[in-house]
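Trainee: Could we take a close look at one part of this model together? I'd like to begin with a single residue and then move on to the sheet.

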Amino acid sequence: MALPFYAFIVFLLTPLTAHAHSSTKADLVVVTKSQLALSVFKEGKLLKKFNIALGSNPVGPKRKRGDKRTPEGRYTLDYKKEDSAYYRAIHISYPNEYDLRYSKANGVDPGGQIMIHGQDPNSSIPVDKRQKFNWTDGCIALTNKDIDELWQLLDEGTPIVIHP
């Protein structure tokens, strides 16, 4: 039995559509703390660059709970959280092995729950002004519009590299 022409076209285009969609997913996120920038890449090509805010004590790597620093190193974006207190959040797999060795050797708690997230809904400061200073406890903050865009570009398991 022959397929109707429209069904044949749908059959042919379905794999292309699925492939085109998957090709927009990033395979690497790079944060450059000194530039307050988060860049998203696919096969070495820049897909998008976002302005970010960091921990309120941004210079240097995170070493212990409460230091208000954003980690530096190689991690994984291991899960997404729709119901975050800061709109949406993407968890960073901090602490990694190096961070754990450092904290054990120095007798400190490395902390955790480092995220890329949106804005604080309880803040009285307008979003455009809030993104001009580092206000988090060590997380990476974007505007809610930007976290929505980043959310679409990433799958769980995407690697992230955070540079000074």
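Is Ser 103 buried or exposed, and what is its relative accessible area?

Mentor: Happy to! This is a predicted model, with residues numbered from 1 along each chain as its sequence is written, local features needing pLDDT of at least 70 and side-chain atom pairs counting only at pLDDT 80 or more, while totals for chains, interfaces and linings use all residues. Side-chain values use heavy atoms, leaving out hydrogens and water.

Ser 103 is buried, at 4% relative accessible area (buried is under 20%, exposed over 50%, partly exposed in between, with a 1.4 Å probe and protein chains only). Ser 103 belongs to helix 2, residues 97-106 (helices are DSSP runs of H or I of at least four residues, strands runs of E of at least two, numbered from the N terminus). Beyond its neighbours within four places in sequence, Ser 103 contacts Val 108 and Pro 110, contact meaning heavy atoms within 4.5 Å. Arg 65 lies 38 residues away along the chain, with 9.9 Å between the two C-alpha atoms.

Now the sheet: eight strands make an open, mixed sheet in the order 3-2-1-8-4-5-6-7, where pairing takes at least two DSSP bridges. Strand 3 (45-51) and strand 7 (140-141) are at the edges with a single partner strand each, so one side of each has no neighbour in the sheet. Strand 1 (28-32) runs parallel to strand 8 (158-163) over four bridges, and Thr 32 has His 163 as its bridge partner. Strand 1 is antiparallel to strand 2, with five bridges, and here Leu 28 faces Phe 41.
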